[in-house]
Amino acid sequence: AAVRVALPAAAAAARCGRVRAPPACAGAGEDLSSLGLTPQLEKVVRGFKSVPDQKLRYQQLLFLAQKLAPMDASLAVDANKVPGCLSTVYVHGSLGDDDTINFVGESDSQLTKGIAALLINGLSGCTNEEIQAVDPSFIQAAGIAQSLTPGRNNGFLNMLKMMKGQAAKLAERDESSGGGGGAASDAMSEAAR
């Protein structure tokens with residue numbers, strides 16, 4: 001699914017569990033609650049777990065890359081560049097009026113773009129607290145880590161770390177400005193320019 005810059009409050013709340021949607025894959029077995037996953041990430045993890053072959057998981061990441069909405073070129077700045085990745089990767093977070101954070105991203109590698117898409121789709125529409133709760137070991141639970149080189153796994157960890165950092169900064173700025181989202185979002189956009 002394409003990432004939208006702004007999600008309606010009800011949809012964002014449902015995606016991140018403030019309004020519980022039906023279980024993503026009822027009967028899918030394993031309890032993933034200890035990983036702090038958003039409902040969207042849990043759905044993705046269960047989906048990847050159900051894929052029996054590493055090559056098919058790899059192809060699914062490439063499919064996610066194709067579906068990722070393009071990032072505005074003006075956001076491809078050093079402040080949004082993920083350090084320590086084998087490929088060039090940018091992610092940018094913005095705060096919505098409902099205190100949820102939305103991400104966009106881009107990479108020059110399709111596989112890395114697929115990993116970014118997985119994180120962007122799974123974390124967008126969530127609050128800072130929900131994003132901070134995500135345990136990076138979910139990539140092992142999904143069976144994706146086994147399909148990636150150590151360098152790509154490291155890139156995944158760096159992307160998640162950067163997205164968590166951006167979420168924390170946006171939430172901090174929002175709290176210091178008295179809430180409302182708009183000022184913090186504008187501040188992050190200005191910092192990126």
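This is a predicted model: local features need pLDDT of at least 70, side-chain atom pairs count only at pLDDT 80 or more; totals for chains, interfaces and linings use all residues.
**Entry 1: H3 against H4**

On the H3 side I listed Tyr 58, Leu 61, Leu 62, Leu 64 and Ala 65. Their partners in H4 are Gln 110, Leu 111, Lys 113, Gly 114, Ile 115, Ala 117, Leu 118 and Asn 121. I then looked up the geometry: the axes of H3 (residues 54-67) and H4 come within 7 Å and cross at roughly 75°. That angle falls in the 65 to 115 degree range, so I noted H3 as roughly perpendicular to H4. Sorting the residues of this H3 and H4 contact by class gave me nine nonpolar, three polar and one charged.

**Entry 2: H2 against H4**

Next I turned to H2, which spans residues 39-49. How far apart are the axes of H2 and H4, and at what angle do the helices pack? I found 7 Å between the axes and an angle of about 140°. The two helices are therefore oblique to each other. From H2, the contact takes in Gln 40, Leu 41, Val 44 and Phe 48. H4 answers with Leu 118, Asn 121, Gly 122 and Leu 123. My class tally for H2 with H4 reads five nonpolar, three polar and no charged residues.

Side chains of opposite charge can pair when their charged atoms come close. My search of the whole structure turned up two salt bridges. One of them joins the side chains of Arg 46 and Glu 42, at 3.0 Å from N to O.

**Entry 3: the cavity**

The largest cavity holds about 40 Å³ of space. I wrote down its lining as Cys 85, Leu 86, Thr 112, Ile 115, Gly 151, Arg 152, Gly 155, Phe 156 and Met 159. H4 (110-123) and H7 (150-176) each supply at least two of the lining residues. H7 gives the largest share, with five residues. By class, I have five nonpolar, three polar and one charged in the lining.

Key
Residues are numbered from 1 along each chain as its sequence is written. Side-chain values use heavy atoms; hydrogens and water are left out. On a 1 Å grid over the protein atoms alone, a cavity is a set of points where a 1.4 Å probe fits but cannot get out, and a pocket is an open set with protein on both sides within 12 Å along at least five of seven lines; lining residues have an atom within 4 Å of a point. Grid points are joined across faces, edges and corners, and a volume is the space filled by probe spheres set on the points. Helices (H or I, at least four residues) and strands (E, at least two) are DSSP runs, numbered from the N terminus. Ala, Val, Leu, Ile, Met, Phe, Trp, Tyr, Cys and Pro count as nonpolar, Asp, Glu, Lys and Arg as charged, and the others, Gly among them, as polar. Axes are lines fitted to C-alpha atoms, for helices over the stretch in contact, and angles run from 0 to 180 degrees between N-to-C directions. Angles under 35 degrees count as roughly parallel, over 145 as roughly antiparallel, 65 to 115 as roughly perpendicular and the rest as oblique. Contact means heavy atoms within 4.5 Å. A salt bridge is a side-chain nitrogen of Lys or Arg within 4 Å of a carboxyl oxygen of Asp or Glu.
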